[in-house]
Amino acid sequence: MATRALLVLTVAIAAVLGTAHGASYTVGAPAGSWDLQTNYTRWASGISFRAGDQLVFKYSPAAHNVVEVSKADHDSCTASRPLATFATGDDTVPLPAGGVTRYFICGVPGHCAGGMKLAVRVESASAPAPPVAMAPRAARPPTASPSPAPMAMAPRAARPPTAAAPATPAPAAMAPRAALPPMVTPGAEAPAAGGMPAVPPPSSAAAPAGVGSLVGLGLGAAVAALMAFH
């Protein structure tokens, strides 16, 4: 009795305070509702229920009802020891506490065995993590681009003076060419003192001398012939 009273009190407080910050799930939606055709094990496996959420049971009150039971009564489909009973056809059941599993069945005989049973695992509501304060990023000082140092130029070596071309030697002084002696024609007389050539004698005077020479030559030849015979 104490457990049932505590559960009823919890449901009442949750109904008064409301669950504005939680999610609302219509049981069996969207394909079905609280009926004999929906697979509730498969439906609940696709949802993460958290503290503050709520379940909404929609059904025909003439055909069904909702009974919250313990795990043992859920497994055995026993509705004789209900923790809470709902029969309006549009029942909202808050899930205020986390870390527990809530069990629901239909109390109409044969319906729980026909599949109208639901187990909901409610996780604790995770408080949103406070935003991490980011430290202001220090302004990056402007990077001074180092100016390239001027390249020192090596002093240019002085060009050695170009040696002056040797002066063209002065032409050697030519010794005065000795004067050739005058050519003396055979038979001509040497030039007389004073450099003037002697005047040849007239041709009439030279004739006897030429005849004499020829005669002498003939005699010499004859003498030579005679000596050869002896």
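This is a predicted model: local features need pLDDT of at least 70, side-chain atom pairs count only at pLDDT 80 or more; totals for chains, interfaces and linings use all residues.
Residues are numbered from 1 along each chain as its sequence is written, and side-chain values use heavy atoms, with hydrogens and water left out.

**The cysteines**

- A search of the whole structure turns up one disulfide, a term used here for a pair of cysteine sulfur atoms within 2.5 Å.
- In general, a disulfide is a covalent bond between the sulfur atoms of two cysteines.
- The sulfur atoms of cysteine 77 and cysteine 112 lie 2.1 Å apart.
- The pair links distant parts of the chain, 35 residues apart: cysteine 77 is in the loop between helix H3 (71-76) and strand E5 (84-86), and cysteine 112 is in the loop between strand E7 (100-105) and strand E8 (117-123).
- Cysteine 77 is partly exposed at 29% relative accessible area, whereas cysteine 112 is buried at 4%; buried means under 20%, exposed over 50%, and partly exposed in between, using a 1.4 Å probe and protein chains only.
- What keeps cysteine 106 from bonding to another cysteine? Its sulfur is 8.3 Å from the closest cysteine sulfur, in cysteine 112, and that is too far for a bond.
- Cysteine 106 is buried, with a relative accessible area of 2%.

**Backbone details**

- Most residues other than glycine have a negative phi, and most peptide bonds are trans.
- Cysteine 77, although not a glycine, has a positive phi of about 60°.
- The peptide bond from alanine 29 to proline 30 is cis, with omega near 5°.
- Proline 30 sits in the loop between strand E1 (24-26) and helix H2 (40-45).

**The chain as a whole**

- The protein chain has four helices and eight strands; helices (H or I, at least four residues) and strands (E, at least two) are DSSP runs numbered from the N terminus.
- Read from the N terminus, the elements follow the pattern α-β-α-β-β-β-α-β-β-β-β-α.
- Of the 230 residues in the protein chain, 21% are buried.
- Among contacts with a separation of 6 or more, 69% join residues 24 or more positions apart; contact means heavy atoms within 4.5 Å.

- Five strands form an open sheet with mixed pairing, in the order E2-E8-E7-E4-E5.
- Strand E2 (49-50) and E5 stand at the edges with a single partner strand each, so one side of each has no neighbour in the sheet.
- Two strands pair if DSSP finds at least two bridges between them, and E2 and E8 pair in the parallel sense over two bridges.
- Phenylalanine 49 stands opposite valine 122 in E8.

**The nonpolar cores**

- A nonpolar core is a set of buried Ala, Val, Leu, Ile, Met, Phe, Trp, Tyr and Cys residues joined through side-chain atoms within 4.5 Å.
- Which residues have the most contacts inside the largest nonpolar core? They are Val27, Trp34, Leu55, Phe57 and Leu118, in a core of 20 residues.
- H2, strand E3 (53-58), E5, strand E6 (90-95) and E8 each supply at least two residues of this core.
- Beyond its neighbours within four places in sequence, leucine 118 touches several residues, among them Val27, Trp34, Trp43 and Phe104.
- A second, separate core of five residues includes Val67, Tyr103, Ile105 and Cys112.

**Salt bridges**

- The count comes to five salt bridges, each a side-chain nitrogen of Lys or Arg within 4 Å of a carboxyl oxygen of Asp or Glu.
- One of them joins aspartate 90 and lysine 58, at 3.2 Å from N to O.
- That pair links distant parts of the chain, with aspartate 90 in strand E6 and lysine 58 in strand E3, 32 residues apart.
- Lysine 71 forms a salt bridge with aspartate 75, their closest N and O atoms 2.9 Å apart.
- Lysine 71 and aspartate 75 are four residues apart in helix H3, so about one helical turn separates them.
- Arginine 121 forms a salt bridge with glutamate 123, with 3.7 Å between the closest N and O atoms.
- Arginine 121 is partly exposed at 42% relative accessibility, and glutamate 123 is partly exposed at 35%.
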